[in-house]
Amino acid sequence: MNAAAPNIADSVGVVVPIDVHFDVPLRLKSGAVMPQYDLRYETYGTLNEQRSNAVLVCHALNASHHVAGWYANDPRDVGWWDNLIGPGKPVDTNRFFVIGVNNLGGCHGSTGPASINPATGRPWGADFPVVTVEDWVEAQARLATHLGIERFAAVIGGSLGAMQALQWTMSHPDRVGLALVSAAAPKLSAQNIAFNEVARQAITTDPDFHGGNYYAHGVVPRRGLRLARMLGHITYLSDDAMAEKFGRELRGGEIKFGFDVEFEIESYLRYQGDKFSTYFDANTYLRITKALDYFDPALEHGGNLSAAVKGAKARYLVVSFTSDWRFSPARSREIVKALLDNRLDVTYAEIDAPHGHDAFLMDDPRYHSLIRATMESLPL
Amino acid sequence: MIAALPARSDFSAIAGWIKPGAHVLDLGCGDGSLLRFLKETRGATGYGVDIADDNVLACVKNRINVIQSDLEAGLSGFDSGSFDCVVLSQTLQAMKHTERLLKEILRVGREGIVSFPNFAYWRTRLQLMAGHMPVSKELPYQWYDTPNIHLFTLADFEKFCRGHGVRILERVVLAGGRPVTTWPNMLGALAVYRLDRAGGAVPVSA
């Protein structure tokens, strides 16, 4: 979350989340069925008469439907992609109608493991099904239909959000004009899955986890969440960015030969972990990391991503960042290769940015100029 | 729609060799104006490749698909035989890995089109005889700031092709935008070649 005070001039300003209830059951990829569910979303800008200017923003691991603007009762709670979306910004809300949605299984208002299971009257907890990128796209498609949007001018996202944008073009080729696929991978590597598994183990081995039914015990596996978040943060930053930001700086100015916080990086990670553990649901974290692990559109095509993308019709802007070691440029190039094999309209940019995986959230002028130019080229 | 005027004198020659609707890869595409010209005049599809951030942005503004990539690293992101034609317009002389790139062009493309400034052009020879490195419309740099590291002549290029299994299908030599037919290695400022592999195309990988 951006803690800076909101810049009123080019912001969408005060926003209000909306809840919508769906009571047509949704069959998930796992075979489980969500009999009914709520999705929480926000919108910025105005849907035009032809309903052709809608842009869907897909969120990554820890974000939400709160993409731009701020809340009247909390002006410091600025949307996670506010630097990109707003009046006059690269995704210009004077032209586009932008939608942010909290994914199914989330913990920011959409139905998730902490929600009440109507069948039992108790929180879903461990019983909440495992959701996938494909399931999220289906739920998002239902929201689009509910809002009267047949086709998105663009579906945009970074990291796990980019996987959803990519999945949209495969699941609903006629419903996407452009996909912005930023800091993505066509599937996780063993190393990526390994990091996720350590994060999950941190949570599930926390004595407060109670097999996922911690709500009934009035506790939260805070220690596990905290470790999961600390680990995640290490993978979001590059070695250089960390060195630049923290180096070997000592909080107290000298080594104390103890195990309390000494280095600035320790302080930073503990702070991030603590903050995260106060608002994020552990069961959601487990499920989102699983959705990441399972994402592999090529799997049903014998590992051939080009075959998986066959049938897609969208234009693509694929962007990677040189210092991103979590989803390196080589991973984006795998996606680009598959798109090229299908002769799809694709532009690929490799931005030489130092921030690591998190670069997709930064306002690097080269990155934002590309998105701006691409969005401006979209016919409505 | 009126097609944009070709920005460089080799564009018309290149367009003349592009079959309608051809799938084209333009290496070192700059702002994408050649691809845009080919799109508008030949109905071509395809992609540009460039390494510079500002060129990638210019291509997007020109509505041209572009892949940001370093040509020196080869064309491993492109399948064999996946393009009807791979174009390298006035870029070969600035490449470090000349041999490898030419080989890659004819792997990825069924045909290649390569254009370059002729270092044996008479005006160039005169400047050298006067004791200075040549500066011209085709070679607009000073010796100390030029990106052109492999300067060569028509004769050099044709000898190279003979020795590397590259077949010359057609050649257009230009000076001042006009075709040159006599003494091309002396009177030509810019050469444009259409090439393929002498032994036939590499089989398309499965």
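Student: By class, how many nonpolar, polar and charged residues are in the lining of the largest cavity?
Tutor: That lining holds 7 nonpolar residues and 3 polar ones, with no charged residue. The lining is made of Phe119(B), Met133(B), Pro134(B), Leu139(B), Tyr141(B), Gln142(B), Trp143(B), Thr146(B), Asn148(B) and Leu151(B).
Before we go on, a word on conventions. Residues count from 1 along each chain as its sequence is written, while chains are lettered from A and ligands numbered from 1 in the order in which they are written. The model is predicted, with local features needing pLDDT of at least 70, side-chain atom pairs counting only at pLDDT 80 or more, and totals for chains, interfaces and linings using all residues; side-chain values use heavy atoms, with hydrogens and water left out.

Student: What makes a space a cavity and not a pocket?
Tutor: On a 1 Å grid over the protein atoms alone, a cavity is a set of points where a 1.4 Å probe fits but cannot get out, whereas a pocket is an open set with protein on both sides within 12 Å along at least five of seven lines. A residue belongs to the lining if it has an atom within 4 Å of a point. By this rule there are 2 cavities of 30 Å³ or more.

Student: What volume does the largest cavity have?
Tutor: It is about 90 Å³. Volume here is the space filled by probe spheres set on the grid points, which are joined across faces, edges and corners.

Student: And how much space lies in the second largest cavity?
Tutor: About 60 Å³. In chain A, α3 (190-204), α4 (222-236) and α7 (282-294) are the elements that give two or more residues to its lining. The name "element" covers helices (DSSP runs of H or I, at least four residues) and strands (E, at least two), numbered from the N terminus. α4(A) gives the most, with 5 residues. The lining divides into 7 nonpolar, 4 polar and 1 charged, and Arg326(A) is one of its residues.

Student: What is known of the second largest pocket's volume and lining?
Tutor: That pocket has about 670 Å³ of space. Of its 33 lining residues, Arg8(B), Gly28(B), Ser89(B), Gln90(B) and Thr91(B) lie nearest the centre. The lining splits into 14 nonpolar, 11 polar and 8 charged residues.

Student: Why is Phe97(A) called buried?
Tutor: Buried means under 20% relative accessible area, exposed means over 50%, and partly exposed lies in between (1.4 Å probe, protein chains only). Phe97(A) comes to 9%, so it is buried. This residue sits in strand β8 (residues 97-101) of chain A. Its contacts (heavy atoms within 4.5 Å) include Tyr44(A), Val55(A) and Ile149(A).

Student: What makes Val219(A) partly exposed?
Tutor: Its relative accessibility is 27%, so Val219(A) takes the in-between label. Asp206(A), with 5%, is buried. Val219(A) is in the loop between α3 and α4 of chain A, and Asp206(A) is found in the loop between α3 and α4 of chain A as well. Val219(A) touches Asp208(A), His210(A) and Tyr214(A), leaving aside residues up to four places away in sequence.

Student: How do you know that the buried residues of α6(B) line one face of the helix?
Tutor: In helix α6 (residues 154-163) of chain B, the buried residues are Leu154(B), Phe157(B), Glu158(B), Phe160(B) and Cys161(B). Seen down the axis, they fall within an arc of 155°, so they line one face; the arc is that of the directions from the helix axis to the C-beta atoms. On the other side, Lys159(B), Arg162(B) and Gly163(B) are exposed.

Note on methods
Nonpolar A, V, L, I, M, F, W, Y, C, P; charged D, E, K, R; others polar.
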